[in-house]
Number of protein chains: 2
Amino acid sequence: MRKIFIVRHANTKYNTEKRWQGRIDLDLDEMGKWMAKRVALRLSYENVDVIYSSPLKRARQTAEEVAKVHGLDVVIDDRLIEGELSLWEGMKADDVKVKFEKEYEEWAKNPRANIPGVENVESVYRRAVDFLESLDLERYNGIVVVTHAIVIRAIVCYVMKMPLESFREFLIGNASITTLVVHDNNWWRILNLNERGFLIGD
Amino acid sequence: MRKIFIVRHANTKYNTEKRWQGRIDLDLDEMGKWMAKRVALRLSYENVDVIYSSPLKRARQTAEEVAKVHGLDVVIDDRLIEGELSLWEGMKADDVKVKFEKEYEEWAKNPRANIPGVENVESVYRRAVDFLESLDLERYNGIVVVTHAIVIRAIVCYVMKMPLESFREFLIGNASITTLVVHDNNWWRILNLNERGFLIGD
């Protein structure tokens, strides 16, 4: 069965500190490097034919670990980049909710919010769906996609046929895997959401 | 954090043969007994204060394995019973799609379908939500609920705030765990959908 493994990048310093990251381009931190290796170990048990990644380093470095195990190169796709969130970048998530209370609530509730410095969710959704629809499912059986929280939330809404307004009703942790299956009639379904049980020590 | 672990019962002979079961009341088969023990092992790492089960034997027998580990009794709740599907009971799923093509498509597409011998999805949803809303979250931090595929699909639609029409856009395997978290402001979210990675041998 065709499977698409949607991986959220592992931790950077900002994730560990619970700061908004957007397009700030940090390396994985020590914990993140370890998590990326666990993702690669988990995916070593799967057939993987191609690996796509967001251009940001935290995604690429996670993807590289998976690629090494499978002897593949990482294909960068700009449509997988995280939302543009320059208004909040670097701030702690809890502080954003206080200092930008109105903007944050508007963004969280309205996928078409128009806030300077904050890409709205519908815009992320459009490029995520464009990417998914461009995948060559005749050619590839096992696809890995390393990307970001908001992009993954948009993908889940698309596959689940749920309104974009519900994009925060589930959790997507760092280094999690959300697995889609593609049935022969091109019916896409969620097999697994936010799998993280492999993030344990040896 | 409060967690609610929604467990689908382990396999019976009918699951193994891919037959519709509805309210036919079978025991777990040999594989099912093994799976129930794996569920119990997985949940032995969690705080569990109370265990609810559907009255059907396949759910109760799964719940009993979890209960043993935690020294708890199983609380039976009739609202957790599987949909009434007497029109299709005992038939292979593939045969239902051919012999009852019209009825099956109507049931799968319309949550308010009115087909004699097939409980519609909205009816299952109503009793599932009634059960969830009756849970005493002041008293319990870790809740296990052992129930059935259609009931779990309805619960996921409720928590995800997605239309009931999308109840088949994700998979819920036998002996899977779908975990909900309840935040302090009574916001329920999906932490994990269809977790099954623990169903591996020692």
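In this predicted model, the interface between chain B and chain A brings 21 residues of chain B into contact with 21 residues of chain A. The two chains bury about 1900 Å² between them, and 52% of this area lies on carbon and sulfur atoms. Of the area that chain B buries against chain A, 34% comes from B:Met160, B:Glu169 and B:Leu171, which is more than any other three residues supply.

The polar side of the interface comprises 19 residue pairs in polar contact, both residues being at pLDDT 80 or more, together with two salt bridges. One salt bridge joins B:Lys161 to A:Glu169, with the closest N and O atoms 3.2 Å apart. On the side of chain B that touches chain A, the elements giving two or more residues are helix 7 (149–160) and strand 6 (188–195) of chain B, and strand 6 gives the most, with seven residues. The composition of that side by class is tabulated below.

| Class, side of chain B touching chain A | Count |
|---|---|
| Nonpolar | 13 residues |
| Polar | three residues |

A separate site in chain B is B:Glu82, which is placed in the loop between strand 3 (74–76) and helix 4 (93–99). B:Glu82 is buried and yet has no salt bridge, because the nearest side chain of opposite charge, B:Arg58, is 5.1 Å away, whereas a salt bridge requires a nitrogen of Lys or Arg within 4 Å of a carboxyl oxygen. Leaving aside neighbours within four places in sequence, the contacts of B:Glu82 include B:Arg58, B:Glu119, B:Arg127 and B:His148.

Conventions
Residues are numbered from 1 along each chain as its sequence is written. Chains are lettered from A and ligands numbered from 1 in the order in which they are written. This is a predicted model: local features need pLDDT of at least 70, side-chain atom pairs count only at pLDDT 80 or more; totals for chains, interfaces and linings use all residues. Side-chain values use heavy atoms; hydrogens and water are left out. Helices (H or I, at least four residues) and strands (E, at least two) are DSSP runs, numbered from the N terminus. Buried means under 20% relative accessible area, exposed over 50%, partly exposed in between (1.4 Å probe, protein chains only). Lys and Arg count as positive and Asp and Glu as negative; His and the chain ends are not counted. Contact means heavy atoms within 4.5 Å. Buried area is the accessible area (1.4 Å probe) that two parts lose on being put together, summed over both. A polar contact is a pair of N or O atoms within 3.5 Å; within protein, one must be able to donate a hydrogen and the other to accept it, and residues adjacent in sequence count only if both atoms are side-chain atoms. Ala, Val, Leu, Ile, Met, Phe, Trp, Tyr, Cys and Pro count as nonpolar, Asp, Glu, Lys and Arg as charged, and the others, Gly among them, as polar.
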